[in-house]
Amino acid sequence: MKRIFLAAACLLFMAAATASAQTTDTVQAAGLDARYAVNMLKPGTPAPDFKLKTYDGKDIRLSQYRGSYVVLDFWASWCPDCRRDIPAMKALYEQFRDHGVQFIGISFDTDRDAWAKTYWDRYQMHWIQVSELKKFRKATVIDRLYKIDWIPSMYLVGPDGRIVMGTVEINKLKEKLETVAPAPQTSRTDVLPSFDGGQEAVAGYFAQRQYHTIQSIRSKVHAEMTVVFNVEMDGSVTGARVVRVTNVKGTSRHFLKMDAAKQKRVLDRCMEFYKEQAVRLTNSMPKWKPAEQKGRPVQSRASLTIVFQA
């Protein structure tokens, strides 16, 4: 009888452990949003307007950015998870600021100096930063407007002023921006900047000068990179930055035999190498014919796409 009781108890314990493991696996599979973003405003909901102040007292309203995609980043300098995500948010800002995407950091700091030292001195977060400078979830209003239960939390607001998505996972925000962000913004002038020989000459310049690593050659790694840059009044090129990477793939038999994790590592390493080349080669281009405004040369912003094919 004791043996039967012990066996039954063991079975119940194993069943409970299995159920617990399944629950944990389900939460992990669903991601952090399943736990921390359930109350956030749903896509299609009008984003509540707000008026918050910058460090120097300037009023910022969400409504003044109507017509653009806007990232709202809810964070605080005292929040370890927020500080961990700052490098990734800076990367998003660098990637999408030339696409007309606006970024607003909304801090739940109460110490004005600690807030400024964190976003400006320590991390150089160069997008707009605002705060109520009140206690999170006790005295603040913005968290109630946007149903913020956890930080960091992020929203993407569309040009129509409605919520596109809300999430606590910055990788999901990046994926959404890559699907909805408009083309990079360039200057509007009477005469656009031009390169002698046109697009064919541009493609030839990059094809002749790009290098490939042994790894990219063995894997036949392909990528297309959109670069934005300045054409100065004398035609020289400055300030090149990669703002979009598309059609990344390896096509060799050697690459296709790798498991998914190894393929990702190979592509990531090749993309870093290609990005460095894209910036270096663009900044080293022969002089362009500068843009003109009212018959005079002016600095302008331009973009081009570089194809890398090993």
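**Labels and their cut-offs**

Guide: Let's start with Arg-241 and Glu-94, whose side chains meet in a salt bridge, N to O at 3.3 Å. This is a predicted model, where local features need pLDDT of at least 70, side-chain atom pairs count only at pLDDT 80 or more, and totals for chains, interfaces and linings use all residues. Residues are numbered from 1 along each chain as its sequence is written, and side-chain values use heavy atoms, with hydrogens and water left out.

Visitor: Why is the Arg-241 and Glu-94 pair called a salt bridge?

Guide: The term asks for a side-chain nitrogen of Lys or Arg within 4 Å of a carboxyl oxygen of Asp or Glu. Arg-241 and Glu-94 sit at 3.3 Å, so the pair qualifies. Between domain 1 and domain 2 the count is three salt bridges.

Visitor: What makes domain 1 and domain 2 separate domains?

Guide: An automatic or database domain assignment sets the bounds: 32–180 for domain 1 and 194–309 for domain 2. Their centres, taken over C-alpha atoms, are 31 Å apart. Six residues from domain 1 and five residues from domain 2 make the contact (heavy atoms within 4.5 Å).

Visitor: How do you know what area domain 1 and domain 2 bury between them?

Guide: Buried area is the accessible area (1.4 Å probe) that two parts lose on being put together, summed over both. Here that comes to about 520 Å², 31% of it on carbon and sulfur atoms. In domain 1, Gln-95, Asp-98 and His-99 lose the most area to domain 2, together 69% of what that side buries.
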